[in-house]
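The entries below follow the order in which I looked.

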Amino acid sequence: MTDLSERELMTRAAWLYYVGGLNQEATSARLGLTRARVNRLLAQARESGLVTITINDRDLGLLPLEEALKAAFGLEMCTVTPALGLPDGPEQDAAARRAVGLAAAQTLRQELAQRADLVVGTGWGRTLAQMARQLSSVTAPDARFVSLMGSLTANAAVNPFEVVQSLAQATGGEGYFLPVPFIADSAADRAVLMAQRAMARPLDLARHADLVLISLGDLTDASLLRQREMITAAELAELRTAGAVGDTNGHYFDASGHLVDHPLLSRTIAVGFEDLARARTLLLSAGEAKVPATMALLRSGIAKGLVIDGDAALTMQRRLSG
């Protein structure tokens with residue numbers, strides 16, 4: 001078995017464990033691998049989206065917390081995943097993204113079941129990429145997925161183009177993207193790019209999507225905007241000095257949810273804040289570090305729904321009551 005590729009080993013381990021009902025010891029014996037190796041393969045299968053898990057969490061006692069957040073921010077819907085109580089750090093953040101990605105995939109699956117020709121606009125980021133990995137058991141060839149913003153300059157799972165393509169592939173639907181960079185070199189360059197004929201169809205779809213899925217950043221040095229070097233350290237400092245606490249799709253907002261003016265806005269290519277406000281927009285928020293930015297964006301009123309991990313939701317509830 002050891003001459004098989006890593007992907008083949010992962011698939012066989014997942015099938016034996018999840019479908020065949022073998023425990024890890026029996027799976028390792030069948031494959032001729034150590035239990036530690038099998039454990040890693042199973043973890044990779046879940047992380048990659050090869051294996052997806054669906055849990056009906058209506059009986060977990062989360063309804064009061066969801067209703068409290070709905071009332072506090074005037075939301076139409078709210079889904080809170082079970083709190084895990086992990087210590088702060090990368091492990092907690094990764095677990096939160098997986099939980100929110102899974103819950104968001106379940107919501108999207110339900111939406112597509114109700115309307116197979118749904119037009120879905122998507123942003124970018126690790127949480128949305130996780131949602132795309134978790135979407136399975138859906139056939140919706142009439143669905144259309146469109147990015148709400150220009151693309152990054154390098155391929156990555158968090159790229160809006162990659163998120164759209166993953167969703168289209170998972171459902172058999174069509175994927176559309178804005179064939180331009182996320183941030184143009186100048187305002188004049190942005191005007192030229194926005195006027196391209198290739199922009200008309202996807203931009204119109206994005207502005208009139210039936211459902212919009214967004215995540216947000218917290219404007220720290222650890223944010224994807226900085227990690228991907230899409231904004232400079234100086235621009236980040238300027239935004240924070242101007243009062244910005246977070247961003248979504250290139251829109252920077254303060255603690256009250258109001259847009260913060262900055263020269264970057266004249267170079268950014270994305271569906272406008274006003275379009276997000278008109279749409280049925282669902283915010284995906286993962287990790288306690290995102291709580292201040294999440295509360296700020298919810299105050300703006302653009303989000304009609306929220307999917308959030310339980311630890312962050314509890315932190316938000318404490319802040320609201322304190």
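I began with β2 and β3, which pair in the parallel sense over four bridges. Two strands count as paired if DSSP finds at least two bridges between them. Helices (H or I, at least four residues) and strands (E, at least two) are DSSP runs, numbered from the N terminus. I looked up T122 and found its bridge partner in β3 to be S147. With α6, the strands β2 and β3 make a right-handed β-α-β unit. Right-handed means that, with the strands pointing away from the viewer, the path from the first strand over the helix to the second runs clockwise.

The model is predicted: local features need pLDDT of at least 70, side-chain atom pairs count only at pLDDT 80 or more, and totals for chains, interfaces and linings use all residues. Residues are numbered from 1 along each chain as its sequence is written, and side-chain values use heavy atoms, with hydrogens and water left out.

Sheet. I noted an open sheet of seven strands in the order β1-β9-β8-β5-β2-β3-β4, with parallel pairing. β1 (77-80) and β4 (174-181) stand at the edges with a single partner strand each, so one side of each has no neighbour in the sheet. On average, neighbouring strands are turned by 20° against each other, direction ignored. I also looked up β3 with β4, which pair in the parallel sense over five bridges; S151 stands opposite P181 in β4. β5 and β8 run parallel and are joined by three bridges, and I214 stands opposite L283 in β8.

Helices on the sheet. I found α9 (residues 197-207) packed on the sheet, touching β2 (119-122), β3 (144-151) and β4, with its direction at about 120° to that of β4. Contact here means heavy atoms within 4.5 Å. Axes are lines fitted to C-alpha atoms, for helices over the stretch in contact, and angles run from 0 to 180 degrees between N-to-C directions. α13 (residues 291-300) also packs on the sheet and touches β5, β8 and β9 (303-308); its direction makes about 170° with that of β8.

Burial. I used the relative accessible area: buried is under 20%, exposed over 50%, partly exposed in between (1.4 Å probe, protein chains only). Seven of the eight residues of β3 are buried, so β3 is largely enclosed by the rest of the structure. For α6 (residues 126-134), seven of the nine residues are buried, so that helix is largely enclosed as well. What covers the buried residues of α6 includes α3, α5 (90-114), α7 (160-171), β5 (211-214) and β8 (281-285).

α1 and α3. I looked up the packing of α1 (residues 6-19) on α3 (residues 35-48): the angle is about 95° and the axes are 9 Å apart. The two helices are therefore roughly perpendicular, the class for angles of 65 to 115 degrees. Residues making the contact include L9, M10 and Y17 of α1 and L41, L42 and R46 of α3.

Positive phi. L219, in the loop between β5 and α10 (224-227), has phi near 50°, a positive value in a residue other than glycine. I found L219 buried, with a relative accessible area of 1%. E229, in the loop between α10 and α11 (233-241), has phi near 55°. At 67% relative accessibility, E229 counts as exposed.

Notes. Angles under 35 degrees count as roughly parallel, over 145 as roughly antiparallel, 65 to 115 as roughly perpendicular and the rest as oblique.
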